[in-house]
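Please keep the sequence and the model in view while reading.

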Amino acid sequence: MRNHTMVTEFILLGIPETEGLETALLFLFSLFYFCTLLGNVLILTAIISSTRLHTPMYFFLGNLSIFDLGFSSTTVPKMLLCLSGNSRAISYAGCVSQLFFYHFLGCTECFLYTVMACDRFVAICFPLRYMVIMNHKVCFMLATGTWMSGCVHATILTSLTFQLPYCGSDKVGYYFCDIPAVLPLACKDTSLAQRVGFTNVGLLALICFFLILVSYTCIGISVSKIHSAGGRQRAFSTCSAHLTAIVCAYGPVIVNYLQPNPSALLGAIIQILNNLVTPMLNPLIYSLRNKDVKSALRNVFPKKKVSSN
């Protein structure tokens, strides 16, 4: 270690195997990012402006929109700067921040989808007691718990990663600072950080996925007991958007982990789907078939037009 200079910044090498495609990717990802920002801001505007949407389900949907805005903004702006030909350097503190917020928001996503599944479970299995069980205090505590748990999880992983000395290569073979890309650059044994990171991330995802599965199994049993076809259709329609969002979030990750030796390109594609495409799709998933959200948005913009005249 005495023969090496301590690393003060890292160089992001970008998306693997995409040389020569920078201009096309810049245009495509810029469009995706703009749609992500616009869609989630519109969802938040609809929820805040309409009293009809001041319910537990839309409260958690608002939290999801805040998450989507933050999660995509953690990695995408720097990626766009690199694709546009700007410096690929990221400061040591910037790398630490990027890794922290990536895992903070990623953990929050797992907990938030789980809480939303539990909310749908209570709404369908205990409809008469729904507003009593999911009162304002409970919703606030659940939302606060998801964000705080994500912060604790990210603090542990970030501390383990950056307590190691970095005094050799500064080239991160990826488009953002993530644990698998940064740890190989450390000048010390990384086995503890690797084991804790893999266990934490894997165990957290499995527990959340199991709880979601249990919630929707109970929901399916309750829906099967509804005699009218219209009642079953209404119950299913309240869950279809959430189920679609879960498939978009967990599907790519499951496909990636099922590969015995996933390529670097496949891993990058999976990350881009999670970081950019899923946050862009969530507003569409929750609004296309949701009459309340569409009605709230229609009520917002005419008022703005009238007030500007």
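This is a predicted model: local features need pLDDT of at least 70, side-chain atom pairs count only at pLDDT 80 or more; totals for chains, interfaces and linings use all residues.

A residue is called buried when its relative accessible area is under 20%, exposed when that area is over 50%, and partly exposed in between. By that cut-off Cys107, with a relative accessible area of 2%, is buried.

**The disulfide of Cys95 and Cys177**
- The sulfur atoms of Cys95 and Cys177 lie 2.1 Å apart and form a disulfide, and the link is left-handed, with -120° about the S-S bond.
- Because Cys95 belongs to helix α3 (residues 92–125) and Cys177 to the loop between β3 (171–172) and α6 (179–182), this pair ties together parts that are 82 residues apart in sequence.
- Cys95 and Cys177 are both buried.

**The disulfide of Cys167 and Cys187**
- Cys167 is joined to Cys187 by a disulfide, with an S to S distance of 2.1 Å.
- This pair also links distant parts of the chain, 20 residues apart, with Cys167 in the loop between α5 (136–162) and β3 and Cys187 in the loop between α6 and α7 (191–224).
- Cys167 counts as buried at 2% relative accessibility, whereas Cys187, with a relative accessible area of 30%, is partly exposed.

**Other cysteines**
- The cysteine sulfur closest to that of Cys107 belongs to Cys110 and is 6.5 Å away, which is too far for a bond, since a disulfide requires sulfur atoms within 2.5 Å.
- Cys82, at 8% relative accessibility, counts as buried.

**Helix α1**
- Helix α1 (residues 22–49) has 28 residues, which at 1.5 Å a residue should span 40 Å, and the distance of 40 Å between its end C-alpha atoms agrees with that expectation.
- An α-helix has 3.6 residues a turn, so residues three or four places apart point the same way.

**Helix α9**
- Helix α9 (residues 264–287) has 24 residues and reaches 34 Å from its first C-alpha to its last, close to the 34 Å expected at 1.5 Å a residue.
- At Val277, shortly before the proline Pro279, α9 has a kink of about 40°.
- Most of α9 is covered, with 17 of its 24 residues buried.

Methods: Residues are numbered from 1 along each chain as its sequence is written. Side-chain values use heavy atoms; hydrogens and water are left out. Helices (H or I, at least four residues) and strands (E, at least two) are DSSP runs, numbered from the N terminus. Buried means under 20% relative accessible area, exposed over 50%, partly exposed in between (1.4 Å probe, protein chains only). The expected span of a helix is 1.5 Å times one less than its number of residues. The bend at a residue is the angle between axes fitted to the seven residues ending there and the seven starting there.
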